[in-house]
Amino acid sequence: MNQPTLNMPSLSSGFLSVVRRDVLLAWKRPGDVLNPLFFFAMVSTLFPLAVGPSSEELAFSGPGVVWVAALLAALLSLNSLFMSDFEDGSLDQLILSPQPLPMTALAKALAHWLITGLPLVLVSPLVAITFQMPAQTISVMMVTLTFGTVSLSLLGSIGAALTVGLHRGTALLSLLILPLAMPILIFGARTVSLAAADDAVSAGVYFLAAYCMLTLTLAPFATAAALRISNE
Amino acid sequence: MWTFFHKLASPPHFYDLAAKFIPWFGVIGAACVAYGAIAGLFYAPADYQQGDAFRIIYVHVPSAYLSMMAYMIMAVSAAIGLIWRIKLSHAVAAAAAPLGAWFTFLALMTGSIWGRPMWGTWWEWGDPRLTSELLMLFLYFGYMALRAAIDDTTKADKASAVLALVGAVNIPIIHFSVEWWSSLHQGATLVREGGPAIETGMLYPLLAMIFGFTFIFGALLLGRVRTEVLFRERRANWVRKLVLPEGDHA
Amino acid sequence: MSEMLSMGNYGAYVWSSFGLTLIVLVVCVVQGRSRHKSVLKDVVVRIKAMESK
C-alpha cells in the first residue's frame with residue numbers, strides 16, 4: 001500500500017463487496033435468514049389463536065397483524081447487523097477503510113434487507129392467505145412491505161450502530177427504533193386496510209416511497225456517525 | 001459577542017450564573033402560574049360547550065407545549081454539542097430529557113382526564129394529539145435508556161445526540177402520519193379544545209400559565225444542568241475549590 | 001363556595017388535573033434538588049479522599 005490511490009477500489013466495487021460479503025456470510029449461516037421468517041410466521045399465528053377463528057374478524061385484522069409481525073421480525077434481526085463485525089474487529093477495518101463510511105453503512109443496510117427484508121416480503125403472501133386476503137390486497141401489501149422493510153433496515157441500522165457493543169442491546173434497540181418506526185407501521189398497515197376496503201391506496205404508497213427515499217439519503221450518514229461514536 | 005458565549009459555556013462561570021438566575025425564574029414562574037391558576041379556575045367564564053371542564057386546558061396546554069419545547073431544546077443543544085463540541089450543551093440536552101418526559105406525562109394525564117367528561121372515555125385513539133404525545137413519551141424513554149446504557153459520559157453524549165437528531169427529523173413525520181391515521185377514523189366527532197373563538201377572559205390566564213410554566217421549566221432546567229456540570233467536572237480544579245473551604249487546603 | 005369547588009359537576013376532573021400538575025412540579029423540584037445534593041456529597045467525599053492521600 002505504498003501508493004494507496006492506485007490500490008483503492010472504486011466506490012461501486014467497494015459497495016458491492018460489502019454487500020456480497022454479508023450475503024455470503026448469511027448463506028453460510030442460514031439461521032440468520034430463517035429465524036426472522038419463522039418468528040414472522042409464529043407471531044402471525046398467535047393472533048388468530050388469541051382472537052378466535054372467526055374469518056370476518058381475521059380478514060379485518062389481517063393487515064395490522066401482518067405488519068406488526070413484519071416489524072417485530074425485522075427488529076429481531078437488527079441486533080446482529082453490526083454485532084459480528086464488532087466482535088471480530090472487522091468493524092474497525094470498515095471504519096478505517098478508504099471507502100466513505102456512509103457508503104459502507106448503506107451497503108450494510110442493503111445487505112440486511114436482502115437477508116431479512118426481501119425473504120419476508122416473499123413469504124408474506126402465505127401468511128396473508130391464511131387471513132383471507134384477496135389477491136389484489138396481497139399485491140398492495142407486498143408493495144408496502146417492500147418500501148417498509150427497506151426503510152426499516154435503514155432506520156434500524158442507526159439504532160444497531162448506536163447500541164453495538166452494549167449489553168442488553170436488543171431490548172434497548174427496540175426501545176429506540178419502535179417509536180421512530182411508527183409512521184412506517186401506520187402507513188403500511190392502513191394502506192393495506194384501505195386496499196382491503198377497495199379504497200384508494202396511492203396516498204399511502206406514495207408516503208412509504210417518500211419515506212424510503214428519505215431514509216435512503218439520510219440514514220447512512222446517521223449510521224456512519226453512530227458507528228464512529230460506538231467504536232471509539 | 002463570541003467571548004460572551006465562550007465565557008457562558010465555561011463550566012464554573014455557568015455554575016455561578018445559573019445559581020443567580022434560578023430563584024428569579026422560580027419566583028416569576030410561580031407568580032404567573034398562581035395568577036393564571038386563580039384567574040383560570042375562578043374568574044374565567046365557563047366555556048359554552050364544555051362548561052367548567054375546559055379549565056383543564058390551563059394545565060394541559062402549557063405542559064403539551066413544554067413537552068415539544070423540551071425536545072427542541074434537547075435536539076438543538078445536542079446538535080450544538082456535536083458540531084462545536086461544547087460540553088455544556090451536552091449537559092443541557094441530558095438535563096432537558098427527564099423534564100421533557102415529565103411534562104409529556106403531565107400532558108397525557110391531563111388530556112386523558114379532560115377526555116373523560118368530553119368523550120366519555122379516558123383514552124381516545126381517534127385523537128391525534130394524545131397519540132402523538134404518547135409517541136413523544138416513548139421517544140424520551142428511548143433517549144434516556146440509551147444514555148443510561150452507556151457508562152462513558154462523552155460517548156453517551158455523542159450517541160444520544162445522534163438519536164435526538166434522528167428523532168427531531170422524525171417528529172414532524174410522526175405527527176403527520178398520526179394525523180392522517182386518525183383522519184381515516186370516521187364516527188367519533190371530537191370537541192375541539194377552546195372552541196372557535198377564545199374570549200379574552202379565558203385567554204389571559206392561559207397566556208399567564210404558558211409564560212409561568214416556561215419560567216418554571218427554565219428554573220428546573222438550569223438546576224439540573226448545574227447538577228450535570230458538577231458531576232461532569234468533578235475532577236476539575238474549580239470544583240475542588242468550590243467544595244473545600246479556604247483553610248482546608250493541606 | 002361548594003358550588004365553586006364543584007365546577008358544574010366537573011370538579012373531580014378539574015381539581016385532579018390541577019392537583020396532579022402541582023404534584024409533578026413538586027416532584028421535579030424535589031428530584032432535582034436531591035440529585036444535586038447527592039452529586040455534591042459524592043464530589044466532596046471523592047475530593048476529601050484524594051486530599052488525605
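B:Ala53 sits in the loop between helix H2 (11-43) and H3 of chain B, with helices taken as DSSP runs of H or I, at least four residues, strands as runs of E, at least two, and both numbered from the N terminus. In this predicted model, B:Ala53 comes out as buried, with a relative accessible area of 0%; buried means under 20% relative accessible area, exposed over 50%, and partly exposed in between, using a 1.4 Å probe and protein chains only. Leaving out residues up to four places away in sequence, B:Ala53 touches B:Trp114, B:Pro117 and B:Met118, plus C:Tyr10 and C:Val14 from chain C, where a contact is heavy atoms within 4.5 Å. The C-alpha atom of B:Ala53 lies 50 Å from that of B:Val239, 186 residues apart along the chain.

B:Trp238 belongs to helix H8 (residues 237-243) of chain B. It counts as buried because its relative accessibility is 17%. Its contacts, setting aside neighbours within four places in sequence, are B:Pro11, B:Pro12, B:Tyr15, B:Val229 and B:Glu233. Between B:Trp238 and B:His6, 232 residues apart along the chain, the C-alpha separation is 17 Å.

Stepping back to the whole chain, chain B holds eight helices and zero strands. Its C-alpha atoms fill a box of roughly 75 × 40 × 35 Å along the principal axes. Of its 250 residues, 52% count as buried. Take the contacts between residues at least 6 apart in sequence, and 78% of them join residues at least 24 apart. The accessible surface of chain B is about 11400 Å², with 69% belonging to carbon and sulfur atoms; areas of this kind come from the Shrake-Rupley method with a 1.4 Å probe, and for residues only the protein chains shown count as cover. As for charge, chain B carries 18 positive and 16 negative side chains, and the centres of the two sets lie 11 Å apart. Here Lys and Arg count as positive and Asp and Glu as negative, leaving out His and the chain ends, and each charge is placed at NZ of Lys, CZ of Arg, CG of Asp or CD of Glu.

Now for the neighbours. The two pairs of chains that touch have the most contacts between chains B and C. That contact takes 43 residues from chain B and 29 residues from chain C. Together the two chains bury about 3200 Å², 77% of it on carbon and sulfur atoms; buried area is the accessible area (1.4 Å probe) that two parts lose on being put together, summed over both. On the chain B side, B:Leu41, B:Trp102 and B:Thr227 supply 17% of the area buried against chain C, more than any other three residues.

Against chain A, 26 residues of chain B meet 28 residues of chain A. The area buried there is about 2400 Å², and carbon and sulfur atoms give 83% of it. Chains A and C do not touch, and their nearest C-alpha atoms are 24 Å apart.

On confidence, the mean pLDDT of chain B is 85, and 91% of its residues reach 70 or more; pLDDT is the predictor's confidence in each residue, from 0 to 100. Over residues 186-196 of chain B the pLDDT is below 50, though this stretch has 20 contacts in the model beyond near neighbours in sequence. Where pLDDT is low, the predicted coordinates should not be read in detail.

Residues are numbered from 1 along each chain as its sequence is written, while chains are lettered from A and ligands numbered from 1 in the order in which they are written. Local features need pLDDT of at least 70 and side-chain atom pairs count only at pLDDT 80 or more, whereas totals for chains, interfaces and linings use all residues, and side-chain values use heavy atoms, with hydrogens and water left out.
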